[in-house]
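Morning, everyone. Please look at the structure on the screen while I talk.

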Amino acid sequence: MKRKDNKEIKDDFEESAKILKRALPMMVQNRIPASPEHYSVWYSYVAKDNLDLVREMDDTVANVGGCSEIKSEILYKKYIASEGEKKLELMKREIETLITDISSNLDDTTRGTDVFQLKLQKSFGKLSNVESGEMSLEETMAVLREVVKSSKEIAKNIDVFSLQLKKADSEINRLKQKIADIQKDANTDGLTNLLNRRAFDLELSHLIMIERPFSVIMGDIDRFKSLNDNYGHLMGDMALKAVAGIFLNSNRDGSSSYRYGGEEFVMLLPDTKMVVARQIAESMRRKVEKLSILSKETGTKINNVTSSFGVAEYQKGDDESELIERADKLLYEAKRLGRNRVMPLSM
């Protein structure tokens, strides 16, 4: 993981500040609320890092004379929102439609039940006259026929509503599965099927928040750029998948593995001391150096993949950056000492 030096960080900060100073007056002029979503739209517009967004914003301003809050929301959803957010928004609409349909059918059934209850009360009132002899047999049968008719009508309404509930139950199960799939996509790296950086950040924050003891292993593939240059990106992807598989198969007792970025991987090991985490890292290192990666399409074979690791243990009071920095420094110390090793060297 290449670090930026202090000058690069300062330059980035100053550039971001310049962009925000230009974006904020535009938002005020167009009466755009100061939300993160709107900030991201106008920041992107000023920075010109999304030319399609810039063109549409310019067209809107030219044709309408400004940009409304609604238009800013549309631009966010169209150009900035992640695929997961877009899918969840569609899911929200489907659920709202489903609830509306159920509510409508429930209202119809409730109204039908109320009408039926009134008819029953009237019918029972009439039937109370039977004992006093005020109703003829024919009149009594007429009242009973009306009760039967009303009963059939309410039964029909209840049947319709029951069918609607069954359909709704099926639809809810379908939506639940879609939500689970979306959540999985949002937290999974598409190439390696490991959990992604977003999932790692969330789990790391949670472990630190509850102050649960844990260790972290950081590792990456040695000389990965050279591997890509010499063998091509397809072989590079195969190497990433193979190393990811070793991380995945090394999970145990609640530990989880993640693709941290590029050729870097990380494992979180709850309730695990550093000495044990180092043993697991050493085991993975040995498995990586034994890898033999073969492309069936080209016949190309790689037998010289190695990896370096840094292992750190959470200390009470650590924040996310302090812990990761310790593991990261040990990983780079492993590379400085010649790669294909785990740091610290011993416990």
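D229 is exposed, with a relative accessible area of 54%. Keep in mind that this is a predicted model. The side chain of D229 meets that of K225 in a salt bridge, 3.0 Å from N to O. K225 is exposed too, at 62% relative accessible area. Both residues sit in helix 8, residues 224-231. They are four residues apart, so about one helical turn separates them.

How many salt bridges does the structure hold? There are 17. Let's look at some others.

Take E313 and K273. Their side chains meet at 3.1 Å, N to O. E313 lies in strand 6, and K273 lies in the loop between strand 3 and helix 10, so this pair ties together parts that are 40 residues apart in sequence. Is E313 buried or exposed? Buried, with a relative accessible area of 15%. The cut-off for buried is under 20%. K273, however, is exposed, at 52%. Salt bridges can also share partners: E282, R285, R286 and E289 are joined that way into one network.

Next, D220 and K335. This salt bridge spans 2.7 Å, N to O. D220 is in strand 1 and K335 in helix 11, so the pair links parts 115 residues apart in sequence. D220 is buried, at 4% relative accessible area. K335 is buried as well, at 14%.

Stay with helix 11, residues 320-336. Helix 7, residues 197-209, packs against helix 11 at an angle of about 110°, with the axes 10 Å apart. That makes the two roughly perpendicular. The crossing is right-handed.

Last stop, the surface. L20, L24 and Y39 make a nonpolar patch of about 220 Å². L24 belongs to helix 1. L24 is partly exposed, at 35%.

Note on methods: Residues are numbered from 1 along each chain as its sequence is written. This is a predicted model: local features need pLDDT of at least 70, side-chain atom pairs count only at pLDDT 80 or more; totals for chains, interfaces and linings use all residues. Side-chain values use heavy atoms; hydrogens and water are left out. Patches are made of residues with over 30% relative accessible area and no salt bridge: like charges are joined within 9 Å, nonpolar side chains (Val, Leu, Ile, Met, Phe, Trp, Tyr) within 5 Å. Accessible areas come from the Shrake-Rupley method with a 1.4 Å probe; for residues, only the protein chains shown count as cover. A salt bridge is a side-chain nitrogen of Lys or Arg within 4 Å of a carboxyl oxygen of Asp or Glu. Buried means under 20% relative accessible area, exposed over 50%, partly exposed in between (1.4 Å probe, protein chains only). Axes are lines fitted to C-alpha atoms, for helices over the stretch in contact, and angles run from 0 to 180 degrees between N-to-C directions. Angles under 35 degrees count as roughly parallel, over 145 as roughly antiparallel, 65 to 115 as roughly perpendicular and the rest as oblique. A crossing is left-handed if the near helix is turned anticlockwise from the far one by less than a right angle, and right-handed if clockwise.
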